[in-house]
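Reader: Before I rely on the terms used for this structure, could you take me through what lies behind them?

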Amino acid sequence: MDVAIPFLLNTLTLISILLVVSMGLAIIFGLMNVINLAHGEFITIGAFTLVAVQAAGGSFWLALLVAPVVGYAIGLALEKILIARVYKNPLHAILVTWGLSLIIQQVLVLVFGASPQRVSGPFAGAVDILGVSYPLYRLFLIGFALAVFATTIVLFRKTRFGLDLRASIQSSEMASVMGVNADKINARAFALGAALASLAGVLLAPMTAVTAYMGINYLARSFFVVLVGGAGSVGGVAAGGAIIGGLETALSYQVPTTVAQALVLVLAIIILRFRPTGILPA
Amino acid sequence: MSANVNHTSAYGMRPLAKLKPSSLIAVLLLAVLAVLPVFIDGYTLSSYRDILLLGLFALSLDIFWGRTGILSFGHATFFGLGAYGMAVATTRFGIDPYWLSVVGLLTGVGLAAIVSVLVGYFILYGGVRGAYFTIVTLALTLIASQIAIGWSSVTGGDSGLIGVPPFSIFGYSFIDPTASYYLAFTLLAVCLLVALKVMHGRIGLILKAIQDNEVKVRTLGYRTQFVLLATFVVSATIAGLAGAIYATCTGFVAPDMIALLLSTEVIIWVAVGGSGTLTGAVIGTFIVWQLQQKISSYSVAAWPIFIGSFFILLVLLFPRGLPAFFLEKLRPRGKKEKAVQ
């Protein structure tokens with residue numbers, strides 16, 4: 001039990017973060033077939049929002065509210081100015097979003113400096129769970145991230161926006177014939193994905209070193225979640241997140257983290273060999 | 001040559017119009033490079049030698065990307081594997097100095113080839129194409145650079161490895177700048193000419209056809225997955241070769257030789273020269289390298305911003321590459337050709 005419970009909770013921490021990050025990516029990929037290499041930078045933007053809010057004297061909770069708004073606004077602006085022009089050509093989308101990613105990183109370095117930023121979480125202590133002590137903040141993170149994921153699912157399944165979104169993912173032509181405004185849906189979905197990533201950035205920040213390059217680590221993982229799970233479906237994200245997050249945590253108990261990540265990549269590639277469209281495609 | 005030209009012309013004007021000038025330019029370029037050491041020497045010559053090797057690396061990417069239209073975002077992995085293979089083999093194992101460089105070369109190039117066969121088999125035979133391929137190769141570079149930084153007992157971690165000896169074979173050492181320049185030049189010339197020859201011919205046409213419609217080509221009886229895999233492996237092996245020799249020339253390896261930024265830069269070198277032209281990849285490397293020296297001397301942070309802006313401009317303003325853009329400006333044509341990516 002002493003080993004099993006922290007292991008389970010560590011796994012849940014990574015999975016819940018991956019779920020929130022990958023959800024946005026999966027929607028954008030499933031909907032527009034755009035591979036958004038700047039997705040990791042929205043995580044970074046979220047984390048730096050926390051840095052800025054705390055530097056201005058605000059609390060963690062304020063940042064948790066502000067970051068999604070910042071992410072949504074930046075995402076919406078970038079979609080309107082740049083991304084909307086490259087939907088037709090996936091390769092162009094890759095190059096443009098990669099260019100954006102490099103620019104955002106350097107702008108953050110120029111504004112905040114290259115050294116890691118200091119942020120503080122809302123809770124310091126640890127709690128006892130079945131005789132095992134575990135950081136309170138991580139428990140909060142798991143609960144909050146899962147709640148956000150659940151909210152997204154409700155948004156996806158129960159609202160008019162979600163209906164239009166799912167219709168567009170299935171067939172964007174048919175959806176627009178039925179009166180769905182594709183440009184509007186694309187823009188809002190992209191911004192929503194950015195907002196979710198920013199939120200994840202705030203949640204992550206107290207546990208890791210906040211640097212301009214932190215997003216890239218989560219970019220590759222969340223792409224594997226989407227590739228392994230299947231693009232454009234909630235079930236796919238959940239399955240992919242569980243597999244990638246679970247595998248990486250389990251492996252990192254046995255081998256160094258780098259090797260664990262390499263092994264996860266190898267396994268993801270092997271899974272792709274047999275299921276090129278993922279485990280649960282849309 | 002003439003047989004090949006006749007052969008391609010039967011399939012339409014595009015390959016003929018696109019490839020023939022690039023062969024001419026290639027011969028001219030190589031002629032200029034061959035006599036360069038007469039006019040310059042010392043440090044300048046050794047920096048030209050480095051550009052030649054990076055040009056060989058760019059050529060390797062263009063062989064795959066330019067001809068199949070599938071973008072590898074992880075080519076620095078193979079360059080880095082070549083460099084690290086060479087460095088680790090020559091500095092760690094205490095091998096007989098007579099065979100040292102050969103063992104290093106085989107290790108580096110072999111690593112690049114093996115990794116490309118494994119990765120290529122699973123993703124190309126799994127039907128992973130286009131954007132998915134780009135993502136998997138991107139992740140490959142990320143992991144490779146993490147291993148290069150993290151596994152410091154073997155790779156030297158952040159500071160890399162120093163003391164890679166100059167390349168030597170059968171007792172002859174390429175320690176002199178002129179000798180190592182000609183080593184790099186010979187490798188580049190051979191690879192470039194062979195690549196042009198092959199891409200003019202049957203295999204080039206098959207690859208082109210696969211890019212247009214893979215299912216159709218397979219229906220015609222070609223093993224397209226095997227052709228793609230073979231091209232990928234050749235491309236990765238050349239990248240590994242460039243990396244291994246590069247390490248012997250600079251005398252050290254560092255994690256930035258296997259980093260994502262290098263994967264990105266090599267795409268720009270190829271894109272500036274025009275992807276698919278092969279010779280253009282080498283010329284693009286020369287142009288961008290000079291530009292990078294100027295911009296980096298102004299500010300280190302400016303260079304990634306420049307690359308980022310370049311990617312966005314490339315797509316929005318020159319979606320078919322810079323040479324195509326300028327050629328179009330020079331000779332406006334009535335009939336628009338399809339974009340060659």
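**Terms and their grounds**

Author: Where the chains meet, 37 residues of chain B are in contact with 34 residues of chain A, and these values come from a predicted model.

Reader: Which helices of chain B supply the side that touches chain A, and which of them gives the most?

Author: At least two residues each come from α5 (97-125), α6 (130-150) and α14 (302-317) of chain B, and α6(B) gives the most, with 14 residues.

Reader: What classes of residue make up the side of chain B that touches chain A?

Author: The side of chain B that touches chain A has 27 nonpolar and 10 polar residues, and no charged ones.

Reader: What makes B:Ala139 stand out in the largest nonpolar core, and which residues is B:Ala139 in contact with, leaving aside its neighbours within four places in sequence?

Author: The largest nonpolar core has 198 residues, and B:Ala139 is, with B:Leu59, one of those with the most contacts inside it. Helix α1 (residues 4-32) of chain A gives the most to this core, namely 15 residues. Leaving aside its neighbours within four places in sequence, B:Ala139 is in contact with A:Ala220, A:Phe223, A:Phe224 and A:Leu265.

Reader: Why is α4(B) called roughly perpendicular to α12(B)?

Author: Helix α4 (residues 75-92) of chain B packs against helix α12 (residues 260-273) of chain B at an angle of about 115°, and their axes are 7 Å apart. Because angles of 65 to 115 degrees count as roughly perpendicular, α4(B) is described in that way relative to α12(B). The crossing of these two helices, α4(B) and α12(B), is right-handed.

Reader: Which residues make the contact between α4(B) and α12(B), and how do they divide by class?

Author: From α4(B) come B:His75, B:Ala76 and B:Phe79, while α12(B) contributes B:Leu260, B:Leu262, B:Ser263 and B:Val266. By class, the contact of α4(B) with α12(B) has five nonpolar residues, two polar residues and no charged ones.

Reader: Why does A:Ile243 count as buried?

Author: A:Ile243, which lies in helix α10 (residues 234-254) of chain A, has 21 C-beta neighbours inside 10 Å. A residue is buried if 20 or more lie within that distance, and therefore A:Ile243 counts as buried. From A:Ile243 to A:Gly229 there are 14 residues in sequence and 8.5 Å in space, C-alpha to C-alpha.

Reader: How many residues does chain B have, and what share of them count as buried?

Author: Chain B has 341 residues, of which 50% count as buried, and its helices number 15 and its strands four.

Terms used: Residues numbered from 1 in each chain as written. Chains lettered and ligands numbered in written order. Predicted model: local features only at pLDDT ≥ 70, side-chain atom pairs only at ≥ 80, totals over all residues. Axes fitted to C-alpha atoms, helices over the stretch in contact; angles between N-to-C directions. Parallel < 35°, antiparallel > 145°, perpendicular 65-115°, else oblique. Left-handed = near helix turned anticlockwise from the far one by under 90°. Contact = placed C-beta atoms within 7 Å. Nonpolar A, V, L, I, M, F, W, Y, C, P; charged D, E, K, R; others polar. Buried ≥ 20, exposed ≤ 12 C-beta atoms within 10 Å, placed from the backbone. Core = buried A, V, L, I, M, F, W, Y, C linked by C-beta atoms within 7 Å.
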